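Biologist: I'm new to this one. Could you walk me through how some of its helices pack?

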Amino acid sequence: MSEKDFIAHHQASIENGNFQWSAPSNIALVKYWGKKDKQIPANPSISFTLNNCKTITKLAFVKRGFSTALDVTSSDFSFDLLFEGKPKENFKPKIQKFFERIEIYCPYLKDYHFTIDTENTFPHSSGIASSASAMAALAINIMSLEKALNPAMTEDFFCQKASFLARLGSGSACRSVKGSVVVWGNHVEINDSSDLFGIEFPSQLHANFKNYQDTILLVDKGEKQVSSTVGHDLMHNHPFAEQRFAQAHQNLSAIKTVLENGNLEEFIKIVESEALTLHAMMMTSLPYFILMKPNTLEIINKIWKFRNETKTPVCFTLDAGANVHVLYPENVRENVLQFIKDELVGYCQNGNYICDAIGNGSQLIIDN
Ligand code: PMV
């Protein structure tokens, strides 16, 4: 598939309707950090899809000119944005930019006025990046409209283009459309992998990873001092960039084998090394920055101690922030949750954490 294959040529033949989809967040095991023009990743990445942390978005659309109240002469996009049912003006520029980026692929967008009503299942300002689930949920809703305009569209194309559009909103969002384990970015050992969209991990996932748990420890809910856009940019001319990109390819090869054979010791090594490498890239860019907090390090050390003493296969990963994702198999859930309550909750802001697990991707809720 090339970018041109995603350009739609359909007439806006439907007057109005609405859809509602939920899309999950995802947590990368091999991280995406650094990008080229048009949200093309500098290296491939792979993630677990989450089950409970989701964005739920309703997209209502009405053809412009259909209602006299709407401005038919405007050549700009026309949309209202609601967050939890209330207008949210400061989210609009991001959506405007998203529409501008995807317009070439969805030329019918300006034919409609949209009402986008969105909410998250996780607390706002919890420090959990909502852009992946939010952009995925919006992109999938738009694809529902496109499918209504072109009913012959295949399921595969629907998902590919939804992921392709989501990527243009926020890179990692392309891994939040379909499947429990998703690969994004060209990799020689993964058939059909693409820089343009995420694909489901094509191998059979080992039973050790069934219902894999992710408990997210909310260490810091504050605004990030450095956005991921700025962070990605700092990989240009980064002294270790080329080595890092090569390492991500190797780690993806290694984790592919691990996800097939269930070797948890190897899984832990790759995942923790990836998390620390991501933050090492931040600490060694110019300007340099640190997103971990003292409690992030306290938690990491406690996890290492617990793992050494109990031989429980529990590990951590990090996003571009201070929160810690604690990853472990379902069969040690009780022990790990007890450990979290006894030893880690004290490092979380207001004692907050979220219990999640590997999920399956987006879900259609309303189709009108
Ligand atoms: O999708 P973005 O541009 O917010 O970048 C996300 C980058 C990381 O979350 C740090 C890593 C990843 O692969 O998700």
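Biologist: Is the crossing where α5 passes α6 left-handed or right-handed?

Modeller: First, this is a predicted model, where local features need pLDDT of at least 70, side-chain atom pairs count only at pLDDT 80 or more, and totals for chains, interfaces and linings use all residues. Residues are numbered from 1 along each chain as its sequence is written, and side-chain values use heavy atoms, with hydrogens and water left out. A crossing is left-handed if the near helix is turned anticlockwise from the far one by less than a right angle, and right-handed if clockwise. For α5 passing α6, the crossing is left-handed.

Biologist: How do α5 and α6 run relative to each other?

Modeller: The axes of α5 (residues 241–261) and α6 (residues 264–283) come within 10 Å and cross at roughly 160°. Angles over 145 degrees count as roughly antiparallel. So α5 and α6 are roughly antiparallel.

Biologist: What do the buried residues of α5 pack against?

Modeller: Buried means under 20% relative accessible area (1.4 Å probe, protein chains only). Among the buried residues of α5 are Phe245, Leu252 and Lys256. Taken together, the buried residues of α5 pack against β1 (16–30), β4 (45–63), β8 (181–184) and α6.

Biologist: Which residues of α7 make the contact with α6?

Modeller: The axes of α6 and α7 (residues 294–310) come within 14 Å and cross at roughly 165°. Contact means heavy atoms within 4.5 Å. On the α6 side, the contact is made by Ile268, Glu272 and Leu276, and on the α7 side by Ile300, Trp304 and Arg307.

Notes: Axes are lines fitted to C-alpha atoms, for helices over the stretch in contact, and angles run from 0 to 180 degrees between N-to-C directions. Helices (H or I, at least four residues) and strands (E, at least two) are DSSP runs, numbered from the N terminus. Angles under 35 degrees count as roughly parallel, over 145 as roughly antiparallel, 65 to 115 as roughly perpendicular and the rest as oblique. Buried means under 20% relative accessible area, exposed over 50%, partly exposed in between (1.4 Å probe, protein chains only).
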